[in-house]
Amino acid sequence: MKKVLIIGGGPAGMLAACRAAECGAEVTLLEKMNKLGLKLSLTGKGRCNITNTEPQIMTFIEKYGENGKFLINTFNTFFNKELMEFLQKRGLVLKELSGGRIYPESDNSWNVVDVLADYLKKLGVHVKLGSPVIELLHYKNVIGGVIHENGTLLCDAVIVATGGKSYSQTGSSGDGYQFARVTGHRVTDLYPGLVPFNLLDMDPGLNGVKLKNVRGTVTGDDEVLSEAFGEFYFTEWGADGSVILRLSRDVKEEIQEDYLSLHVDLKPALEEQKIHDRILREINSNGKLSYKSMLKELLPEKMISYFIRKTQIPEGTKIANITKEQRETVVRNLKDLTFTITGTRSFEEAIVTSGGVELSHINPRTMESKKIRNLYFAGEILNIDGDTGGYNLQAAFSTGYVAGENAAQEQDNEEN
Ligand SMILES: Cc1cc2nc3c(=O)[nH]c(=O)nc-3n(C[C@H](O)[C@H](O)[C@H](O)COP(=O)(O)OP(=O)(O)OC[C@H]3O[C@@H](n4cnc5c(N)ncnc54)[C@H](O)[C@@H]3O)c2cc1C
């Protein structure tokens with residue numbers, strides 16, 4: 001019986017362990033923390049957006065950018081439908097929310113962890129909690145075991161599923177990158193991914209303002225770098241929320257180099273001229289209305305004071321007295337409210353790590369290293385990161401599944 005050792009008890013490691021055990025291997029899972037799936041428990045604001053129902057693999061992989069094509073083989077083996085069936089078969093009731101996002105019906109991410117932990121137990125996987133791995137043991141180009149804090153374990157195959165380096169208090173502090181490097185794998189530059197922005201001179205009056213159905217655009221040197229539509233909110237230091245996280249994926253490199261600009265279109269459904277017309281209609285029919293009262297029709301209540309300061313039009317001004325120039329200022333700020341982005345928040349606040357183990361060093365059919373035989377990588381440690389919407393967990397589960405299945409195979413994989 002093949003002995004498979006898995007480092008990391010996140011979604012990738014747990015699925016790898018389940019699958020390797022299903023395929024007949026003797027499996028040991030070493031988890032650094034005293035609980036499995038700590039990061040998994042935080043996902044989807046504690047509700048866990050497990051995957052997405054998008055049915056086409058080729059559309060699904062677009063959510064990971066260029067590197068998504070690495071996942072085609074993996075998804076052909078174990079995709080969203082298979083993941084949902086896997087979890088449902090083990091008792092997890094799922095529900096679908098807008099945008100095809102799948103959650104446990106209970107809205108409790110711990111239920112996902114529990115289902116996986118119960119199945120590991122049923123399969124007889126040896127789960128060793130509080131066991132940080134310190135080093136991989138390999139002789140020439142063949143893996144032989146690991147050294148962990150409580151001893152040495154020898155095995156036939158090792159799967160590294162240690163995750164990225166964001167939210168390090170969950171245990172994912174980037175240890176696996178070092179394992180990869182010392183065994184001859186390149187690790188690309190690492191960036192905080194799906195991460196909020198710091199904005200220059202944040203007006204305290206904006207803190208807590210939530211915007212829905214707005215368009216965010218990031219530019220650098222007057223060039224549009226990314227655009228996203230949806231909602232976001234201001235914080236005391238900058239901006240967070242789905243629009244911002246999506247934008248952050250596209251500008252991860254540029255944002256390290258220079259200050260970029262965030263442009264917010266508060267009325268994306270209306271052309272500038274339409275807003276002018278609307279204001280003019282209001283002026284003609286209700287000229288005694290104050291500027292502040294007119295803004296109540298255009299903006300969320302909490303944003304009005306800020307907008308008055310920004311446009312420098314006294315709040316009590318009767319709208320009939322608003323000049324053409326002032327009207328243009330109002331429209332310009334509604335269509336293009338601009339902020340300076342000074343950078344992103346740190347890895348500690350990033351949903352994922354962007355970058356990771358170089359994909360050309362990994363066999364996309366098996367997740368086995370092309371450098372060291374019987375060494376596999378799965379999950380966020382790889383140079384793959386996706387959009388919000390369940391894509392990162394699907395990638396972790398799928399690569400884990402494929403790594404587990406292949407690590408458990410008795411025959412040596414000579415094709416590498
Ligand atoms: C706040 C937040 C919300 C998120 N929400 C979603 C969401 O709703 N949907 C989605 O798709 N994605 C979401 N993600 C991303 C998703 O959680 C990760 O992409 C996913 O957990 C990666 O899985 P993984 O198994 O590769 O790594 P991880 O989940 O990071 O697991 C790695 C495990 O390895 C262990 N480990 C690390 N080093 C060692 C070592 N030396 N020895 C032993 N064990 C070690 C760690 O303790 C950890 O348990 C979210 C992330 C965060 C931070």
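**Ligand shell**

I started with residue classes: the shell around the ligand is made up of 16 nonpolar, 15 polar and five charged residues. This is a predicted model, so I keep that in mind throughout because local features here need pLDDT of at least 70. In total, 36 residues surround the ligand. I jotted down the closest ones, which are Glu31, Ser172, Asp175, Glu380 and Leu393.

Next I checked which helices take part. Helix H1 (11-22), helix H2 (38-46), helix H7 (175-182) and helix H14 (391-407) each give at least two residues to the shell.

I found a ligand nitrogen 2.8 Å from an N or O atom in the Asp175 side chain. A ligand oxygen sits 2.6 Å from an N or O atom in the side chain of Glu380.

**Second largest pocket**

I moved on to the second largest pocket, which holds about 290 Å³ of space. I noted 17 lining residues, with Asn67, Lys252, Ser354, Asn383 and Asp385 nearest the pocket centre. By class, this lining has three nonpolar, six polar and eight charged residues. Domain 1 (3-192 + 350-407) and domain 2 (196-344) each contribute at least three residues to the lining.

How values were computed. Residues are numbered from 1 along each chain as its sequence is written. This is a predicted model: local features need pLDDT of at least 70, side-chain atom pairs count only at pLDDT 80 or more; totals for chains, interfaces and linings use all residues. Side-chain values use heavy atoms; hydrogens and water are left out. A residue is near a molecule or strand if one of its heavy atoms lies within 4 Å of it. A polar contact is a pair of N or O atoms within 3.5 Å; within protein, one must be able to donate a hydrogen and the other to accept it, and residues adjacent in sequence count only if both atoms are side-chain atoms. Helices (H or I, at least four residues) and strands (E, at least two) are DSSP runs, numbered from the N terminus. Ala, Val, Leu, Ile, Met, Phe, Trp, Tyr, Cys and Pro count as nonpolar, Asp, Glu, Lys and Arg as charged, and the others, Gly among them, as polar. On a 1 Å grid over the protein atoms alone, a cavity is a set of points where a 1.4 Å probe fits but cannot get out, and a pocket is an open set with protein on both sides within 12 Å along at least five of seven lines; lining residues have an atom within 4 Å of a point. Grid points are joined across faces, edges and corners, and a volume is the space filled by probe spheres set on the points. Domain bounds come from an automatic or database domain assignment.
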